[in-house]
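Please look over the sequence and the structure first, then read the notes by topic.

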Amino acid sequence: MKRKLVTASKSVKKVDALSMATGRALYVDDFQVPGMLIGKVLRSPHAHAKILKIDASEAKKIPGVVCVLTHKDVPRIPHTTAGQGYPEPSPYDTFILDNKVRYVGDRVAAVAAETRDAAERAIRAIDVTYEVLPAVLDCERAMDPDAPKIHDEDDALRIPDADRNLAAEMGFTIGTSFFEKADYIFDRKFVTHYAQHCPIEPHITMAYFDEQDRLVIRTSTQVPFHARRIVAQALRYPLKKIRVIKPRIGGGFGAKQEVLLEPLVAALAVKTHRPVKIELTRAEETSASRTRHPMVIHLRAGLKKDGIITDLDMDVLSNTGAYGSHALTVACNTGSKVLPLYRADNVKFDAKAVYTNLPVGGAYRGYGATQAAYPMECLIDEMAERIGMDPLEFRKKNHIQEGESSPVFKQLGEGREGVAQTIMSCGLDRCIDLGAKEIKWKEKHGGDKGKGPLKRGVGVATLMQGSSIPGIDMGAASIKMNEDGSFNLLMGATDLGTGSDTVLAQIAAEVLGVRTEDIIPYSSDTDMTPFDVGAYASSTTYLSGMAVKKAAEEVKAQILKVAGQMLDVDPTGSKLQDGMVVLPNGRRLTLAEISLQSLYILDQHQIMGSSSHITTASPPPFAAHFAEVEVDTETGKVEVIKYVAAVDCGTAINPRLAEGQTEGAVLNGISYALTEEICFDSKGRPRNSTWTHYKIFNAAEAPPLKTILVPTWEPTGPYGAKSVSEISINGPMPCLANAIYDAVGIRLTEAPFTPEKVLKALRLKARGRRTD
């Protein structure tokens with residue numbers, strides 16, 4: 001029910017702003033535990049090899065070395081590192097340490113030593129004899145009959161077809177008469193590339209035993225509860241003896257949805273019964289943590305002369321790398337988060353994720369939608385051009401509207417059948433109109449491109465995402481009242497620096513009629529906070545926010561009951577406002593008075609509430625992105641002159657934070673579209689694993705960014721809210737591709753859009769050849 005909001009919808013100060021600004025916020029590496037050992041990992045120099053012999057005797061002789069672990073020293077238990085709900089949809093194809101390596105950078109052994117120098121010396125002293133095997137470095141050759149078999153172990157589980165290097169597959173068909181009604185048929189192939197999340201803080205984990213001899217894991221993670229479960233599984237260690245704590249975290253973007261270091265660090269701690277810490281180097285973070293899944297996407301579409309889309313047929317080949325982490329669900333999302341955006345009578349989807357001997361794909365902001373929005377939005381522009389219709393009007397004619405549904409919702413979820421749903425909020429037309437006005441679309445699109453070698457153009461992309469995973473993910477929260485009328489808010493939801501502690505505190509404050517400063521949030525501690533799946537799938541505000549709202553409403557009901565008893569009146573119609581209960585007749589009680597009454601005076605009890613929330617819907621946020629670019633036809637360099645993102649995220653609980661999420665996602669997406677790419681040599685070795693040669697955009701290089709928040713009201717979300725954090729990373733690649741076409745008439749179907757690729761396409765165009 002809509003009502004005027006007091007706190008939820010305001011840009012209040014972040015609850016951790018002071019500690020962050022003064023440097024007092026504590027990250028994993030800031031915690032000092034006496035006797036801490038430094039861990040290091042020996043990594044494979046080969047893309048594919050068996051370990052025939054491993055000799056650590058010389059390493060153990062080095063002063064300060066306390067422990068060396070090889071595959072012989074840890075339990076051999078297949079598991080997945082994907083931090084997903086149980087039972088995980090990813091294959092169990094990973095071991096803490098294995099007798100086979102499957103990519104350059106794979107784990108061979110681990111060391112714990114008193115000093116970093118001793119640990120590094122020990123790593124170099126381990127003698128390993130390998131049998132080097134043929135490697136698969138091309139995902140399009142991975143399923144060839146003569147391709148090397150990457151997972152030939154007998155004890156891996158849930159691999160659909162290890163003999164064919166098939167890690168996951170999913171598909172559906174809606175309709176029968178494909179392309180029979182189409183006047184035009186489009187068939188294009190697009191290629192996306194390897195990229196890394198580049199969190200400022202690399203993966204880092206420490207483990208130690210507390211005074212009760214319980215294993216405590218402090219780790220930079222997005223999924224503390226999943227981390228606890230997977231560590232217990234991989235080590236055969238009692239879950240009740242494990243506590244996982246997430247302190248402040250220096251960025252995640254999906255990379256830290258991976259339970260990557262926790263089992264190995266825990267194994268070293270259990271073996272030594274000493275505190276152990278491992279922090280990845282930048283090179284390890286790039287090549288040995290997780291990446292965005294590269295993909296080859298074939299997209300076919302049918303179109304009638306009147307501008308109606310008749311058919312959509314998407315075929316996805318995803319490169320999951322050496323292990324199948326998130327292989328199925330990322331592949332599914334290429335369809336589920338993109339295909340429903342446009343109506344079509346006939347829709348077909350087929351996705352396969354294959355193993356290669358390259359770094360491992362994982363969760364990355366956008367999660368498959370980033371890769372698939374690129375071909376879809378480029379083809380939408382091409383279809384509009386074919387019939388002479390403005391790309392904006394073409395999108396308005398064909399996109400899903402409020403009150404409508406798509407059969408794709410039911411056919412395709414994350415790793416299984418989806419959930420039927422109807423769109424209950426959609427501000428996409430408004431996004432298109434406001435974004436077009438800001439970029440001056442009518443004046444610039446198709447107009448004068450400029451004189452000389454510098455040509456300008458504008459492009460557009462429209463987008464949808466989701467809010468949580470319906471029927472699967474659950475969040476919980478608890479709230480208790482203190483004597484001064486403040487409240488402790490405990491939630492398992494994980495703040496990655498995104499401001500979710502602040503947003504969830506705002507939701508609680510809105511219900512309880514207090515300031516955000518009166519809410520004391522504490523999150524992400526498996527001993528102290530209720531369960532939550534963690535920070536992924538754009539779920540925190542929408543899913544965890546509803547758990548907080550429901551818990552706060554329980555507390556509100558208890559407060560009103562006590563107030564009624566104190567004043568001997570029926571509290572019906574009373575409201576919580578400005579830290580007080582205000583009765584319909586104007587009488588008031590402060591929350592402090594009510595708390596003291598309940599704790600010390602009459603019918604003593606703790607005012608507190610807890611609640612869980614699971615949703616049967618995943619309402620999409622919508623967005624329209626616009627870009628103006630300048631292309632240097634002599635060098636091929638593309639410069640972004642201006643970028644506009646108009647976003648419908650329902651109610652923005654904290655507009656400033658929503659804008660920050662949007663701008664961060666946009667810059668991340670621009671960097672991915674133009675410069676970021678992990679490159680490999682012929683033996684599968686990364687050639688640019690440090691930031692010296694892996695180029696990411698920084699703040700100084702950011703073009704002028706304009707965020708426009710378009711308010712709608714989503715009835716299934718807390719105070720009308722939907723998600724906002726992921727959707728805008730999906731826009732830059734297609735938006736810039738379309739702008740480049742408007743500027744110089746070339747269609748780029750392989751990212752990133754480097755000067756070399758732009759120049760090559762320009763030369764092909766000059767020779768009268770297709771550029772796609």
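**Cavities, helix packing and local geometry**

The largest cavity has a volume of about 210 Å³, where a cavity is a set of points, on a 1 Å grid over the protein atoms alone, at which a 1.4 Å probe fits but cannot get out, and where a volume is the space filled by probe spheres set on grid points joined across faces, edges and corners. The model is predicted, and local features need pLDDT of at least 70 while side-chain atom pairs count only at pLDDT 80 or more, although totals for chains, interfaces and linings use all residues. Residues are numbered from 1 along each chain as its sequence is written, and side-chain values use heavy atoms, with hydrogens and water left out.

**Cavities**

- A search of the whole structure finds 5 cavities of 30 Å³ or more.
- The largest cavity is lined by 19 residues, of which Thr94, Phe95, Asp106, Arg107 and Tyr323 are the closest to its centre; a lining residue has an atom within 4 Å of a point.
- By class, the lining of the largest cavity has 9 nonpolar, 4 polar and 6 charged residues, with Ala, Val, Leu, Ile, Met, Phe, Trp, Tyr, Cys and Pro counted as nonpolar, Asp, Glu, Lys and Arg as charged, and the others, Gly among them, as polar.
- The second largest cavity holds about 80 Å³ of space, and its lining includes Arg188, Phe190, Cys378, Glu382, Tyr741 and Asp772.
- The lining of the second largest cavity divides into 5 nonpolar, 2 polar and 4 charged residues.

**Helix packing**

- Helix H14 (residues 540–567) and helix H15 (residues 591–601) have axes that come within 10 Å and cross at roughly 85°, the axes being lines fitted to C-alpha atoms over the stretch in contact, with angles running from 0 to 180 degrees between N-to-C directions.
- H14 and H15 are therefore roughly perpendicular to each other, since angles of 65 to 115 degrees count as roughly perpendicular, under 35 as roughly parallel, over 145 as roughly antiparallel and the rest as oblique.
- In this contact (heavy atoms within 4.5 Å), Ile559, Val562, Ala563 and Met566 of H14 face Leu591, Glu593, Ile594, Gln597 and Ser598 of H15, and these residues divide into 6 nonpolar, 2 polar and 1 charged.
- Helix H9 (residues 391–398) packs with helix H11 (residues 428–439) at an angle of about 170°, with their axes 10 Å apart, and the two are therefore roughly antiparallel to each other.
- Leu392, Arg395 and Lys396 in H9 meet Asp429, Ile432, Asp433 and Ala436 in H11, a contact with 3 nonpolar, no polar and 4 charged residues.

**Salt bridges**

- The count comes to 45 salt bridges, each defined as a side-chain nitrogen of Lys or Arg within 4 Å of a carboxyl oxygen of Asp or Glu.
- One of them joins the side chains of Asp98 and Arg76 (2.6 Å, N to O).
- Both Asp98 and Arg76 lie in the loop between strand S3 (65–69) and strand S4 (100–101), so the pair ties together parts that are 22 residues apart in sequence.

**Backbone details**

- The peptide bond from Tyr86 to Pro87 is cis, with omega near -10°, and Pro87 is found in the loop between S3 and S4.
- The peptide bond from Ala751 to Pro752 is also cis, with omega near 0°, and Pro752 has its place in the loop between H17 and helix H18 (755–766).
- Arg236, a residue other than glycine, has a positive phi near 50°, and its place is in the loop between helix H4 (224–235) and strand S12 (242–245).

Note on methods
1 Å grid on protein atoms, 1.4 Å probe; cavity = no way out; pocket = protein on both sides within 12 Å on 5 of 7 lines; lining within 4 Å. Helix = DSSP H or I, 4+ residues; strand = E, 2+ residues; numbered from the N terminus.
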